[in-house]
Amino acid sequence: MAAVAVLRAFGARGPMCLRRGPWAQLSARFCSRDPAGAGRRESEPRPTSARQLDGIRNIILSNPKKRNALSLAMLKSLQSDILHDADSNDLKVIIISAEGPVFSSGHDLKELTEEQGCDYHAEVFQTCSKVMMLIRNHPVPVIAMVNGLATAAGCQLVASCDIAVASDKSSFATPGVNIGLFCSTPGVALARAVPRKVALEMLFTGEPISAQQALLHGLLSKVVPEAELQEETMRIARKIASLSRPVVSLGKATFYKQLPQDLGTAYYLTSQAMVDNLALRDGQEGITAFLQKRKPIWSHEPV
């Protein structure tokens with residue numbers, strides 16, 4: 001599919017470290033070379049972990065001591081976890097969550113000092129942009145599960161996900177202006193998730209908004225008590241995982257493709273997508289099952 005081709009263009013080549021089996025965990029030591037390891041010492045633990053079961057891949061930002069800062073190493077590790085087996089029928093949905101009280105504090109400011117140089121700075125922001133676009137172009141839905149503070153590029157990550165579920169203790173901010181670094185790249189995702197004036201107030205003042213405010217403005221899909229966060233996120237993920245992967249994949253790609261178009265073009269594109277959907281094996285299976293009053297048996301085949 002076109003979405004998978006885009007993912008490959010972003011660097012899907014190279015070995016991945018996800019071992020087969022229930023809740024298999026990513027580990028760099030099982031690779032002959034680690035494409036996600038650039039930017040970190042060999043002795044340092046991998047800044048993300050990934051586990052997959054029943055079509056649901058859980059990617060966890062695992063550097064709470066550094067407030068899950070999106071360092072270059074963290075971004076490359078996250079990129080690797082997202083890219084792994086993107087075109088596999090075994091993968092139905094991705095959840096991105098974090099360890100500790102901070103979902104992500106954004107970029108690692110130690111990497112943005114003058115000593116690092118412009119080339120390194122450019123690599124950081126280009127890699128971050130690639131990760132955000134990978135989420136949008138990925139063939140399966142990506143859910144952010146937020147339990148705490150998400151600021152700057154961390155807020156950008158939440159805004160870039162297809163669905164975002166947060167606990168009522170969470171908050172969101174783009175505070176770069178307060179330290180002299182305007183959140184221009186987080187503003188790209190933020191402006192596509194909330195109304196313009198809400199985005200600009202967040203960007204101009206750097207002040208945080210609560211989970212309830214984020215829900216009101218469209219940054220979040222749902223807010224639940226902290227004790228219910230994992231259960232509710234998994235409920236959504238399991239529902240998606242129970243459906244036809246090619247149908248959901250086509251639907252996601254079509255939704256984003258039509259979004260910036262004028263009304264006539266949007267209806268033209270989506271009408272063709274409906275025809276393409278009907279040509280899928282699972283498209284016909286779903287209709288047949290409905291008419292026969294039985295549950296559909298999805299093949300998950302792309303044709």
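User: Why is Phe204 called exposed?

Analyst: Phe204 has a relative accessible area of 54%. Buried means under 20%, exposed over 50%, and partly exposed in between, with a 1.4 Å probe and protein chains only; therefore Phe204 counts as exposed. This is a predicted model, in which local features need pLDDT of at least 70 and side-chain atom pairs count only at pLDDT 80 or more, while totals for chains, interfaces and linings use all residues. Residues are numbered from 1 along each chain as its sequence is written, and side-chain values use heavy atoms, with hydrogens and water left out.

User: What makes Phe182 and Phe204 a tilted aromatic pair?

Analyst: Rings of Phe, Tyr and Trp (its six-membered ring) pair if their centres lie within 6.5 Å; planes under 30 degrees apart count as stacked, over 60 as edge-to-face and the rest as tilted. Here the distance is 6.1 Å centre to centre and the angle between the planes is 50 degrees, so the pair is tilted.

User: What makes the pair of Phe255 and Tyr256 edge-to-face?

Analyst: Their ring centres are 5.4 Å apart and their planes stand at 80 degrees, so the pair is edge-to-face.

User: Is Tyr256 buried or exposed, and why?

Analyst: Tyr256 has 17% relative accessibility, so Tyr256 counts as buried. Phe255, at 43%, counts as partly exposed.
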